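Subject: Handover of a structure

Hi,

Here is the structure I promised to pass on. Please open it alongside these notes; what I found follows below.

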Amino acid sequence: MTEKQEVKLQLLDKFANIEKPETVDFCRKAYEFLAEGETTPQPQAGAVVAADQEPDGIYLVLDGGRHILFNGDNNADDCAACIGIGVKWGSKSIVVALNDQADGEDITLTANKDKGDYAGYIDNYLDAVADWNGKANTEHLKKIGLNHNIALPDGWYIPSLGELYFVFLNRKAINAALEYVGGKTIDSYWYWTSTEFSATNAWRLNLTSGIASGSAKASYTYRVRAVSAFIS
């Protein structure tokens with residue numbers, strides 16, 4: 001039972017009389033007075049709250065930890081404080097950065113080839129699509145040596161193939177929010193994912209067609225859009 005529900009029950013138990021509707025109305029008004037000005041604490045990008053506490057939709061994730069549902073009529077202060085666009089769809093959610101890395105230039109994913117023995121390679125398409133381990137994948141890419149143009153703030157990482165597909169499916173709505181807050185839309189280009197195909201290759205995704213394929217991560221160049229954890 002939530003704190004607010006407890007307050008309601010206490011009011012009803014102590015003051016309400018179902019035979020006197022005016023007392024029930026008094027309790028309602030008293031509760032509204034107690035709740036006035038209260039806000040639900042909002043998590044920072046990377047924080048996790050219960051999925052059933054938030055509706056599906058597109059969110060503005062704000063500097064300082066709040067997130068609010070994007071409705072196309074959000075106020076200028078919220079837009080100015082926005083640090084990312086959140087997406088929640090059922091049990092899946094993510095925060096998308098306002099801009100591509102490297103000012104939107106095509107870049108290599110890593111500065112070096114992977115010479116180690118890594119158990120996280122996924123060369124099967126169906127398994128790669130199911131990969132939602134972008135944060136862990138990115139940690140491995142850092143060990144190889146990320147391209148120096150990929151500067152990731154704390155809590156942000158390169159999306160896995162599954163996570164980037166999620167962005168692709170919601171691209172139109174995400175772009176509407178990005179335009180609204182002054183971010184850079186996700187355009188129709190190839191984007192790197194953090195899902196590695198092999199020691200040489202990583203998966204890339206075409207944000208026009210949804211086609212995915214492997215490409216040499218230390219030599220071929222594509223765009224990078226960072227993401228962060230959100231409601232789950």
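Asp78 counts as buried, at 11% relative accessibility. By "buried" I mean under 20% relative accessible area; exposed is over 50%, and partly exposed is in between (1.4 Å probe, protein chains only).

Before the rest, some ground rules. This is a predicted model: local features need pLDDT of at least 70, and side-chain atom pairs count only at pLDDT 80 or more, while totals for chains, interfaces and linings use all residues. Residues are numbered from 1 along each chain as its sequence is written, and side-chain values use heavy atoms, with hydrogens and water left out.

Salt bridges

Asp78 has a charged partner. Its side chain meets that of Arg66 in a salt bridge, 3.1 Å from N to O. Arg66 sits in the loop between β1 (57-62) and β2 (67-69), and Asp78 in helix α3 (residues 76-80), so the pair ties together parts that are 12 residues apart in sequence. Helices (H or I, at least four residues) and strands (E, at least two) are DSSP runs, numbered from the N terminus. Arg66 itself is partly exposed, with a relative accessible area of 41%.

A salt bridge here is a side-chain nitrogen of Lys or Arg within 4 Å of a carboxyl oxygen of Asp or Glu. By that rule there are 9 salt bridges.

Another one joins Arg223 and Asp106, with the closest N and O atoms 3.7 Å apart. Arg223 is in the loop between β8 (212-216) and β9 (227-228), Asp106 in the loop between β4 (92-97) and α4 (125-129), so this pair ties together parts 117 residues apart in sequence. Arg223 is buried at 11% relative accessibility. Asp106 is partly exposed, at 40% relative accessible area.

Lys184 pairs with Asp187. Their closest N and O atoms are 2.4 Å apart. Lys184 is partly exposed, at 35% relative accessibility.

Asp100, Asp106, Lys184, Asp187, Arg223 and Arg225 are linked in it by salt bridges.

Nonpolar cores

In soluble globular proteins, nonpolar side chains tend to be buried together. I count a nonpolar core as a set of buried Ala, Val, Leu, Ile, Met, Phe, Trp, Tyr and Cys residues joined through side-chain atoms within 4.5 Å.

The largest core has 31 residues. Leu60, Ile85, Ile174 and Ile186 make the most contacts inside it. At least two residues each come from β1, β3 (82-89), β4, α6 (161-169), α7 (171-181) and β7 (201-206). Helix α6 gives the most to this core, with 5 residues. Apart from this core lies another, of 21 residues, including Val95, Leu109, Trp156 and Trp192.

Leu60 is worth a look. Leaving out residues up to four places away in sequence, its contacts (heavy atoms within 4.5 Å) include Arg66, Phe70, Ile85, Ala177 and Val181.

Strands and sheets

Strands pair if DSSP finds at least two bridges between them. β1 and β3 run antiparallel, joined by 6 bridges. Ile58 has Val87 in β3 as its bridge partner. β3 also pairs with β4, again antiparallel and over 6 bridges. There, Gly84 is the bridge partner of Ala97 in β4. The hairpin of β3 and β4 has 2 residues between the strands, and Gly90 in it takes a positive phi near 65°. Of the 8 residues of β3, 6 are buried, so this strand is largely enclosed by the rest of the structure.

Elsewhere, 3 strands form an open antiparallel sheet in the order β6-β7-β8. Its edge strands are β6 (190-196) and β8, each pairing on one side only. Twist averages 40° from one strand to the next. (Axes are lines fitted to C-alpha atoms, for helices over the stretch in contact, and angles run from 0 to 180 degrees between N-to-C directions.) β6 and β7 pair over 4 bridges. One of the residues involved is Glu196, whose partner in β7 is Ala202. Helix α6 lies across β6, β7 and β8, running at about 10° to β7.

One histidine

His140 is in helix α5 (residues 134-144). At 13% relative accessibility it is buried. Not counting residues up to four places away in sequence, His140 touches Asp114, Tyr118 and Glu196. Glu196 is also the bridge partner of Ala202 in β7.

Over to you.

Best wishes
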